[in-house]
Amino acid sequence: MFLDTMETLCCLGGVSGGEDEVRDYILERAMPFADEIKTDPMGNLMIFKKGAVTPAVRVMLCAHMDEVGLIVTDITSDGYLRFDQAGGIDRRVLIGKQVYVGQDRVPGVVGSKAVHLTTAEQRKTLPAMSEMYIDIGAESREEACASVSVGDLVAFDDRVVRFGDGFIKAKAIDDRAGCATMVELLESELPCDCWFAFTVQEEVGARGATIAARSVEPDVALILETTTAADIPGTEGADRVCQLGKGVVIPFMDRGTIYNRELFRLLGRLADENGIAWQTKTRIAGGTDGSSVQRSGAGVRVAALSVPVRNIHSPACVARIDECEAQYNLARLFLEEMAK
Amino acid sequence: MELVGLTKRLCGLSGPSGFEQPVRAWIAEYLEPFADEIGTDPLGNMIAVKRCGKPGAKLVLLDAHMDEIGFIVTGAEKGFLSFGMLGGVDQRMLPAREVRVLTEPPLFGVIDTMPPHVLSEEEKSRAIDPNKLFIDVGLCQEEAEKAVPAGTPVVYAASCEELGHGKLCGKALDDRACAAIIIKAFEMLSGRDLNVDLCCLVSTQEEVGHRGAKVAAWGLEPDIALVVDVTHGKTPDAQNVPCSCGKGAAIGIGPNINSALSKELFALAEARGIAHQPKAEPGGNSGTNAEAIQISREGVATALISLPLKYMHTPVEMVSLEDMTAIVELLTAYVEGLEV
């Protein structure tokens, strides 16, 4: 069930600033189980569900609905689309990829002159993003404008593949994995009252979480995220950051947040006691909605659980299914602990 | 089968240079009802012949190649597969790329890429050395060694789909789009009263040096050969190439092409109102099978008709369906008009 939910979520389009499809889906799933539902002008979705007990502290789980993608900035006279990134994208993963433009999902590809036509130097370097373009097959601006517009959001190819020994490939595992954990929790009996914040615009600066946290005013927040794994041959030691197969990541710090030490220890202890493999990151890299939530209002105690993901922020994110499920299991144990 | 369906079906097959068997088998089965003879040779070429039954009839050869560029597994390291290239792969296409490892049954894989945070600014703007890239099939070392022996071929895990504005987009359109063209032309001509014997040669190993066509031409001894291959189409970053997608069949002119034949094709295209454009081929080698066929035995009158294609040797190659139809028309009109 968890996997079906996650796969469905990964297929939905939700580039930062255009999270509607994801929000609509989650809302439909959560509606029968929610005790209170709030939205706000940016599009965050905040859902309250009562549990077995009402703890002394207000608990919030948080995952972001948005994904990295592109935005159309110009349409050329010969029908090609110029673009910029919405969220941080390594342009090395863009060339020659299939994309979908706008709400009507117009298919296109990120073009680049054929290797035969490049100089030896060009073959080894990458064009700047401003020199790249999307080809939707149109031969003129007029043809292109019949189906796309400047400002259209562009999402990566959305095929999900399960492969190897329990692996999954999809776009937007960052952070539909966290969204899936929260949707599944929402549909289950909860040990304690809990707010679920599905946020917008994390990828462009944890912006949605800033106002979602003000609205919920939690005392404790657990961020359900994904994090970059560089565990491929040629990368050794700490440079790997984290490794698939070593368990869910409990971070102590990243570039935006020094996580609450007691909560960090609590999560590690819960994992150990319940035989859930976990690791922490060996590089201070990345960031989460935790940075916004932690400094919201008079301050919030914040922890995070992240699924290790290879090729994060690309059309071909790779994760282990058991580590996505481990995030769910550990989040649930966390709520049980909050109920005490 | 319609031209579009035929092309999509052919591109979906996996057949990198030297490993074309599935493609040959499919085409042989498809052409069987239309041919008098179906055969192959030591290099695996697919040869279909239709006899006109007239004494002294000349043999006209239609050629397009069936192989596609790809990769070949060279070993496994920590469960990840190292690989070499089959044909002219564009190394810039590789990061976060999905591939099909051609084991029985095939395995899905992703070429993993190093995340940007462990790279210097200099490294981020350079293409990654393919020797530092690996295919992730989601297996441990022991399983990977067992499942994927060295020498296993690999292709891009892409298909071919219709794009807006009459375009087809996907992998292996070089040269399966042209294979579809000559197969269609052969199918159409097989029901007509011809004055020549007609051979449909779908050749192997073009991408590694026109090897299949070289031996097939020797074995078949054609009088006339019409080679159909792709040529670069204009893109925003390649404005100086002469041909454009959507402007019709590109008829070759130059030392690699029989000039009388070339003139006949131009005259025929003019007379029949078939969209066409000239393509000057300055060298003795047009970079196609025409090079090998023209100097086979004591020489063959060889023409080259090219299909403009954008993003050659990528998984998102693009062609115009109108151009394909124009070439089918030109080939059939030419063969039908030949005298005894």
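**View 1. The surroundings of Ser244(B).** Setting aside neighbours within four places in sequence, Ser244(B) is in contact with Lys234(B), Gln277(B), Pro308(B) and Asp323(B); contact means heavy atoms within 4.5 Å. The model is predicted: local features need pLDDT of at least 70, side-chain atom pairs count only at pLDDT 80 or more, and totals for chains, interfaces and linings use all residues. Residues are numbered from 1 along each chain as its sequence is written, chains are lettered from A and ligands numbered from 1 in the order in which they are written, and side-chain values use heavy atoms, with hydrogens and water left out. Ser244(B) sits in the loop between strand 13 (224-232) and strand 14 (249-253) of chain B. Helices (H or I, at least four residues) and strands (E, at least two) are DSSP runs, numbered from the N terminus. With a relative accessible area of 11%, Ser244(B) is buried. Buried means under 20% relative accessible area, exposed over 50%, and partly exposed in between (1.4 Å probe, protein chains only).

**View 2. Ala326(B) in helix 9.** Helix 9 (residues 321-336) of chain B holds Ala326(B). Its relative accessible area is 5%, so Ala326(B) is buried. Beyond neighbours within four places in sequence, Ala326(B) is in contact with Ala249(B), Ile274(B) and Ala275(B). Gly246(B) is 80 residues from Ala326(B) along the chain, yet their C-alpha atoms are separated by 9.8 Å.

**View 3. Aromatic pairs.** Over all chains, the structure holds twelve aromatic pairs. Rings of Phe, Tyr and Trp (its six-membered ring) pair if their centres lie within 6.5 Å; planes under 30 degrees apart count as stacked, over 60 as edge-to-face and the rest as tilted. Trp26(B) and Tyr30(B) are stacked, at 5.4 Å centre to centre with 10° between the planes. About one helical turn separates Trp26(B) and Tyr30(B), because they are four residues apart in helix 2 (residues 21-31) of chain B. Trp26(B) counts as buried at 16% relative accessibility. Tyr30(B) is buried too, at 14%. Phe71(B) and Phe83(B) pair edge-to-face: 5.4 Å centre to centre, 80° between the planes. This pair links distant parts of the chain, with Phe71(B) in strand 4 (residues 70-77) and Phe83(B) in strand 5 (residues 80-86) of chain B, twelve residues apart. Both Phe71(B) and Phe83(B) are buried. Ring pairs also join Tyr80(A), Tyr133(A) and Tyr311(B) into a cluster.

**View 4. The interface of chain B with chain A.** Here 58 residues of chain B are in contact with 62 residues of chain A. The area buried between the chains is about 4900 Å², and carbon and sulfur atoms give 56% of that. Buried area is the accessible area (1.4 Å probe) that two parts lose on being put together, summed over both.

View 5. Six salt bridges are counted between chain B and chain A. A salt bridge is a side-chain nitrogen of Lys or Arg within 4 Å of a carboxyl oxygen of Asp or Glu. Lys169(A) forms one with Glu98(B), and the closest N and O atoms are 3.0 Å apart. Strand 6 (97-101), strand 7 (107-112), helix 3 (121-124), strand 8 (134-136) and strand 11 (167-170) of chain B each supply at least two residues of the side that touches chain A. Strand 7 of chain B gives the most, with four residues.
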